[in-house]
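Dear colleague,

I am handing over the structure below, together with notes on what was found in it. Please read the notes with the coordinates open beside you.

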Amino acid sequence: MATQEVVLLDSRCSMFAMRARIALAEKGIEYEGKEQNLADKGPELLQMNPIHKKVPVLVHNGKPICESLIIVQYIDEVWKDQGNPLLPSDPYDRAQARFWADFVDKKVADASSKVWTKKGEELEAGKKDFIAALKQLEEVLGDKPYFGGEVFGYVDLVLIPFYSWFYAYETCGSFKTEEHCPKFIEWAKRCMQRETVAKSLPDPKEVYEIVLILRKRFGVD
Ligand SMILES: N[C@@H](CCC(=O)N[C@@H](CS)C(=O)NCC(=O)O)C(=O)O
């Protein structure tokens, strides 16, 4: 393959950016990571993602690709001969994997954000929805080691970044996920043994520090 210039507009504790980092690691792609200040967005982010103005953005040979699910699929397609295929080859299995990735974005992301940004009844409702979404995912996982079956795949990659936020969710919401969803935690620990995942996720305490700052900024604390 000709020389590739790969840049990731990144943010260490963004679960969406973590997805891009894991996918790049899975394919063994060398890239330049550029940490963005989301409280004061720089010109490169605004130019490369003028619609949403969010990270991650993958800039491949000068051209931007936005939205983490699209970025991961792009990486899987462009570097298809490198490393583990992330999406299944069968069209039906691929559609199912995309469905559950969409479920993660709609249900897990939404409920989990309520767990650290809300209080009182809204917090309780967020916790309930969060646990319900994880229980649903446990059902999908069944007895398989990964959502991808015997191998780590697209849904595993899309979901595992949330695990680095569990300490913050549990501390803010005073609950233990493991008491409700032990199989989910077993799956998460299995994924964390994978080098590509372990090196792409931040320390949960680092996430918690940021959550405390954001809670003050949003007026939660
Ligand atoms: N749907 C987007 C979500 C990306 C996103 O929410 N990124 C956050 C960081 S976790 C961000 O850049 N926030 C800045 C802002 O909202 O102004 C994706 O999957 O890439």
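Predicted model: local features only at pLDDT ≥ 70, side-chain atom pairs only at ≥ 80, totals over all residues.

Residues are numbered from 1 along each chain as its sequence is written, and side-chain values use heavy atoms, with hydrogens and water left out.

Helix packing

The axes of helix H5 (residues 120-141) and helix H9 (residues 182-192) come within 9 Å and cross at roughly 70°, the axes being lines fitted to C-alpha atoms over the stretch in contact, with angles from 0 to 180 degrees between N-to-C directions. Helices are DSSP runs of H or I with at least four residues, strands are runs of E with at least two, and both are numbered from the N terminus. H5 is therefore roughly perpendicular to H9 (65 to 115 degrees; under 35 counts as roughly parallel, over 145 as roughly antiparallel, and the rest as oblique). In this pair, Leu134, Leu137, Glu138 and Leu141 of H5 meet Pro182, Lys183, Phe184 and Trp187 of H9, contact meaning heavy atoms within 4.5 Å. By class, this contact has six nonpolar, no polar and two charged residues (Ala, Val, Leu, Ile, Met, Phe, Trp, Tyr, Cys and Pro count as nonpolar, Asp, Glu, Lys and Arg as charged, and the others, Gly among them, as polar).

For helix H7 (residues 166-173) and helix H11 (residues 204-217), the axes come within 8 Å and cross at roughly 50°, which makes H7 oblique to H11. Their crossing is right-handed, and the contact involves Tyr167, Ala168, Thr171 and Cys172 of H7 together with Pro204, Lys205, Val207, Tyr208, Val211 and Arg215 of H11.

The axes of H1 and H3 come within 9 Å and cross at roughly 5°, so H1 and H3 are roughly parallel to each other. Among the residues in contact are Phe16, Arg19 and Ala20 of H1 and Ser68, Leu69 and Ile71 of H3.

The largest pocket

About 970 Å³ of space lies in the largest pocket, and of its 35 lining residues the closest to its centre are Ser11, Ser14, Phe16, Leu38 and Val55. On a 1 Å grid over the protein atoms alone, a pocket is an open set of points with protein on both sides within 12 Å along at least five of seven lines, a cavity is a set where a 1.4 Å probe fits but cannot get out, and lining residues have an atom within 4 Å of a point. Grid points are joined across faces, edges and corners, and the volume is the space filled by probe spheres set on the points. H4 gives the largest share of the lining, six residues, and the lining as a whole divides into 16 nonpolar, 10 polar and nine charged residues.

The loop between H2 and S3

Pro56 lies in the loop between helix H2 (43-48) and strand S3 (57-60), and the peptide bond from Val55 to Pro56 is cis, with omega near 5°. Lys53 lies in the loop between H2 and S3, and its phi is near 60°, a positive value in a residue other than glycine.

With best regards

Definitions and conventions. Left-handed = near helix turned anticlockwise from the far one by under 90°.
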